[in-house]
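Let's go through this one by question and answer. Have the sequence and the model open side by side.

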Amino acid sequence: TALNPVDELIAAGSYYRNSRSLMELLAFIARFPNYSPFNAMLLYLQNSSAVYVATARNWLQKFRRQPKHDARPMLILAPGGPILFVFDINDTEGAPVPSALLEPPAVASQMPAKVYSNTLHNCALHGIAVYETASEKAAAAAASRITPALRKQFKNFELKKDTSYLILVDKSQPLEDKYASLVHELGHVFCGHLGIDRHAWWPERETLNINGDELEADAAAYLVCRRLGWQARSQKFIAHHFEKDQQLPVFSLNAVLQAAAYAEEMGKLRWKGPRRRRRG
């Protein structure tokens, strides 16, 4: 099958299969939580030194600045389409730059409980059952596709007939760690590591290896946690992949970006139904 444009970029060369290069890309995407992961990737490809970007109108209305006469705009996708042109702060001039725009993203001290509860609610809409249980059970089957044997094993959960996936979370963890673990397992689901059901919007992925699986789920969890301001929790997912400059296993950056974006949106509001249609 034909590769999507993002993965075609990865396949065209070895640059983003290098651990250091991929880490730079993911860290950059994490610094722009006001833009979708995909748009942040587009920014990186056009200007990897960008600090803060906005449209010409926003620069003028919010900061009394405007693009320099020789400024080169960057192109991103607009909500509802088609495109927007944005400018980095270093390509603008005018009123003094607010110091807050030049500072690193703030580190979050506490996670709003509604992010976790919203995600749990929206998981149920997708046929994903999430249960908090003892640590040994959570470690044994963190995320699984529902089978008759699994229903029998966890019959005390009384899983609904339309449940396709089961995620177990260690109930002894702090709230932030429960959410981080949940997002990691959603990364496995949304990257297609557990297959698809009739409601799945994610593609079927049949040629993966376990190292690629973990890299994708870890990268998705890293992005979601880091974009929320949890640096320590985000690092635990990604650090062991990047202990040294090395070649990474085959993976899909497109799957990572889509999984991270969808999991991120699930924490913002309680939906009435899935936001994305099933495949086909």
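Q: Is Thr 163 buried or exposed?
A: First, the ground rules: this is a predicted model, where local features need pLDDT of at least 70, side-chain atom pairs count only at pLDDT 80 or more, and totals for chains, interfaces and linings use all residues. Residues are numbered from 1 along each chain as its sequence is written, and side-chain values use heavy atoms, with hydrogens and water left out. Buried means under 20% relative accessible area, exposed over 50% and partly exposed in between, with a 1.4 Å probe and protein chains only. Thr 163 comes out at 10% relative accessibility, so it counts as buried.

Q: Which residues does Thr 163 touch, not counting those up to four places away in sequence?
A: Contact here means heavy atoms within 4.5 Å. On that basis the partners of Thr 163 are Gly 127, Ala 129, Ile 146 and Arg 151.

Q: How far apart are the end C-alpha atoms of helix 9?
A: Helices are DSSP runs of H or I with at least four residues, numbered from the N terminus. The expected span is 1.5 Å times one less than the number of residues, so the 18 residues of helix 9 (residues 210-227) should span 26 Å. The model agrees, with its end C-alpha atoms 26 Å apart.

Q: How many of the 18 residues of helix 9 are buried?
A: Helix 9 is mostly covered. The count of its buried residues is 14 of 18.

Technical notes: Helices (H or I, at least four residues) and strands (E, at least two) are DSSP runs, numbered from the N terminus.
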